[in-house]
Amino acid sequence: MENHTGTWLDMGSREKSHETGKRAIATYIVDHILRPGMVIALDAGTTCAVLAKEIARRRIPVSIITHSFYAAASLTPVLDVIKLCVIGGMYNTVSGSLYGEDQAEICRNLRADLFFMGADAVSPESGVTIT
């Protein structure tokens, strides 16, 4: 197995990678896990962005906390149904996320029913990799 540590693909390339699987994950979550009124925290990453698009497409009335620019942008057309909390900061062009020193303090005061976390890689030897 090749080691791609330090190599980042742009969001466009990552969105197209495993596209069918990402849609299947999003569909499963909205069909079987999400319930109206829940508070959902979404990590940055393309699978979470696809989930945000599916939530918006189905107009599921949930509250969403995210630092993902792409997830937030997908949800803005349905703000009449969805409550959106975007944790701000500087924009990372590679990950499509917002980051900053104040985020940890902001997150200490937030509560969610579910957290969907993106992973950069999964290995039988090393487990889940998050960068």
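The legends below accompany close-up views of a predicted model of a protein chain.

**View 1. Overall arrangement of helices and strands.**
The predicted model holds five helices and eight strands. In sequence order these elements follow the pattern α-α-β-α-β-α-β-β-β-α-β-β-β. The protein has 131 residues, of which 34% are buried. Among contacts with a separation of 6 or more, 52% are between residues 24 or more positions apart. The accessible surface amounts to about 8200 Å², and carbon and sulfur atoms account for 56% of this area.

**View 2. Strand β1 and its two parallel partners.**
Strand β1 covers residues 39–42. On one pairing, β1 is joined to β2 by four bridges, and the two strands run parallel. The chain passes from β1 through α3 to reach β2, and this β-α-β crossover is right-handed. Strand β1 also pairs with strand β6 (residues 114–116), again in the parallel sense, over three bridges. Residue L42 takes part in both pairings: its bridge partner in β2 is T66, and its bridge partner in β6 is F116.

Strand β2 comprises residues 63–66, helix α4 residues 69–75 and strand β3 residues 83–86. The pairing of β2 with β3 is parallel and consists of four bridges. Within this pairing, S63 stands opposite K83 of β3. Together, β2, α4 and β3 form a β-α-β unit of right-handed sense.

**View 3. The largest nonpolar core.**
This core contains 21 residues, and those touching the most other members are L34, I40, L42, L51, I55, I64 and F116. Helices α2, α3 and α4 and strand β1 each contribute at least two residues to the core. The greatest contribution is that of α3, which supplies six residues.

**View 4. Surroundings of L42.**
L42 is one of the core residues with the most contacts to other members. Apart from neighbours within four places in sequence, L42 is in contact with C48, L51, A52, I64, I65, T66, H67, A71, F115 and F116.

R58 lies in helix α3 (residues 46–58) and is partly exposed, with a relative accessible area of 32%. The side chain of R58 meets that of D31 in a salt bridge, with an N to O distance of 2.4 Å. This pair links distant parts of the chain, since D31 belongs to helix α2 (residues 19–32) and the two residues are 27 residues apart. D31 is partly exposed, at 38% relative accessibility. A further salt bridge joins the side chains of R58 and E54, with an N to O distance of 2.6 Å. R58 and E54 both lie in helix α3, four residues apart, which corresponds to about one turn of the helix. E54 counts as buried because its relative accessibility is 12%, below the 20% limit for that class. D31, E54, R57 and R58 are linked in a network of salt bridges.

**View 5. The salt bridge between D80 and R59.**
The side chains of D80 and R59 meet in a salt bridge of 2.6 Å, N to O. D80 is placed in the loop between α4 and β3 and R59 in the loop between α3 and β2, so the bridge ties together parts that are 21 residues apart in sequence. D80 counts as exposed, at 61% relative accessibility, whereas R59 counts as partly exposed, at 37%. The count of salt bridges in the model comes to four.

S97 is located in strand β5 (residues 97–99). With a relative accessibility of 8%, S97 counts as buried. Leaving out residues up to four places away in sequence, S97 touches A44, H67, S68, F69, M90, Y91 and N92.

How values were computed
Residues are numbered from 1 along each chain as its sequence is written. This is a predicted model: local features need pLDDT of at least 70, side-chain atom pairs count only at pLDDT 80 or more; totals for chains, interfaces and linings use all residues. Side-chain values use heavy atoms; hydrogens and water are left out. Buried means under 20% relative accessible area, exposed over 50%, partly exposed in between (1.4 Å probe, protein chains only). Contact means heavy atoms within 4.5 Å. Two strands pair if DSSP finds at least two bridges between them. A crossover is right-handed if, with the strands pointing away from the viewer, the path from the first strand over the helix to the second runs clockwise. A nonpolar core is a set of buried Ala, Val, Leu, Ile, Met, Phe, Trp, Tyr and Cys residues joined through side-chain atoms within 4.5 Å. Accessible areas come from the Shrake-Rupley method with a 1.4 Å probe; for residues, only the protein chains shown count as cover.
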